[in-house]
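Please look through the sequence and the model together before reading on.

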Amino acid sequence: MHIPTLISRKREGEELSAREIQKLIAGYTSGEVPDYQMSAFAMAVFFKGMTPAETAALTRAMMDSGDCFSHRSGHPAVVDKHSTGGIGDKVSLILAPLVACAGCRVPMVSGRGLGITGGTLDKLESIPGFNVHLSLDQAAAQLEKFGVVMMGQTERFCPADRKLYALRDVTGTVPSIPLITASIMSKKLAESLDRLVLDVKYGSGAFMRTKHAAEALAASMVAVGGEMGVEVFTVLNPMMEPTGQAVGNVLEVIEAIECLEGGGPADLRTIVLDLSEKIAGVSLPELERLLDDGSARRKFDELVSAQGGNPADLPRLGEIHRAPVIREMLAPITGELVKVDAGMIGQAALQLGAGRAKASDGVDFAVGFDRLVKVGGTILAGQPLCRIHARTAVDFDMAEAMVEKAVRIASH
Ligand code: URA
């Protein structure tokens, strides 16, 4: 196959065959096709798009570039959820054990935070000892025993995606619907699922800025799932304000545990239940019961111990990772709270050190925000808007200035 011709054909908007796409991805994974040719191909796709058949072929080729989960036949339903990323989005930490309690298997392969969006793996690693580096064999054994595993991508899991995603990141080709679809769906479909729910976010704190763009991405992912025999459900959620009231690694785990114990912010619980109901195969009241009676919390303990953590640490995570400066920020005036901009809060959390600017950076588990006010209702001057957890007083001042810009109070 002559790669320059393939690139030119895509550049002219021609439809490529499944075989051509498969060979291109296999060549790229093995190193035969160099980065510069793949960059040009990705840019051609960015401008010319792909047909649904091409997108499905790309997804399958990327999924087949490595190993997939294989589940015993006659197994309980294997399900998962994917979120396109938001601020304060700790839903996976709650949904995975909850849905496992409902009798499903949840082989959740997650990612790390990049830019303003946090990552499930970073949050889990704020639990001392929690190991996200499992082999597929270890994951399968844990799944059999506990019904849930939460881990990172292994070397052999969708290697084509790992390479291509890193390349897209530095070539301006991330925001392409076919490329995003294939990237997300190849990893989820390699989990060999029966059902998948996608939480597609839109708004200031999301990858997709408009509802229209989120709908297009959702439709593309549903089409690929359909082609590949997986039932895919989508829920579109605005990401104008952060999810829940905590943003930052350990602070989000603490809030997730509150939700697993039947408490936590109402918006967080609603998203968890909405998404879980689509895939769990049990009723909403049953899911509520599993949160309220401590079943989901006990499953989370099982998950933590299975992956090297100690459940006894969970109630004291706030002390284990305690930021040196923890102070409230107060409302300057009385009025109606009309905006808490998710994108700006995400930026502030990133500046505090909760996120990473580039893939090789580390994250600070302790810093971020909690007790963040929610939009709607009246706030009085002098009441707390949030609590800021910072490494230094200078960082606190910087975060305070950013929250001031993120929050809008309309005086009566
Ligand atoms: N997340 C992914 O895994 N891939 C993308 O392309 C975008 C978001």
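Predicted model: local features only at pLDDT ≥ 70, side-chain atom pairs only at ≥ 80, totals over all residues.

In the side chain of S183, an N or O atom lies 2.6 Å from a nitrogen atom of the ligand, which can be read against the cut-off for a polar contact, a pair of N or O atoms within 3.5 Å (within protein, one must be able to donate a hydrogen and the other to accept it, and residues adjacent in sequence count only if both atoms are side-chain atoms).

Residues are numbered from 1 along each chain as its sequence is written, and side-chain values use heavy atoms, with hydrogens and water left out.

Stepping back to the whole chain, an automatic or database domain assignment divides the protein into domain 1 (3–63), domain 2 (79–314) and domain 3 (323–411). The C-alpha centres of domain 2 and domain 3 are 24 Å apart, and 25 residues of domain 2 are in contact (heavy atoms within 4.5 Å) with 28 residues of domain 3. Between them these two domains bury about 1,900 Å², 58% of it on carbon and sulfur atoms, where buried area is the accessible area (1.4 Å probe) that two parts lose on being put together, summed over both. Of the area that domain 2 buries against domain 3, E241, Q245 and L251 supply 28%, more than any other three residues.

Charged side chains also meet here, for domain 2 and domain 3 have three salt bridges between them, each being a side-chain nitrogen of Lys or Arg within 4 Å of a carboxyl oxygen of Asp or Glu. The side chains of K374 and E241 form a salt bridge with an N to O distance of 4.0 Å.

By the same rule, the count comes to 29 salt bridges, and one of them joins the side chains of R269 and D292 at 2.9 Å, N to O. Because R269 lies in helix 12 (residues 266–280) and D292 in helix 13 (residues 284–292), this pair ties together parts that are 23 residues apart in sequence; helices here are DSSP runs (H or I, at least four residues), numbered from the N terminus.

How values were computed:
Helix = DSSP H or I, 4+ residues; strand = E, 2+ residues; numbered from the N terminus.
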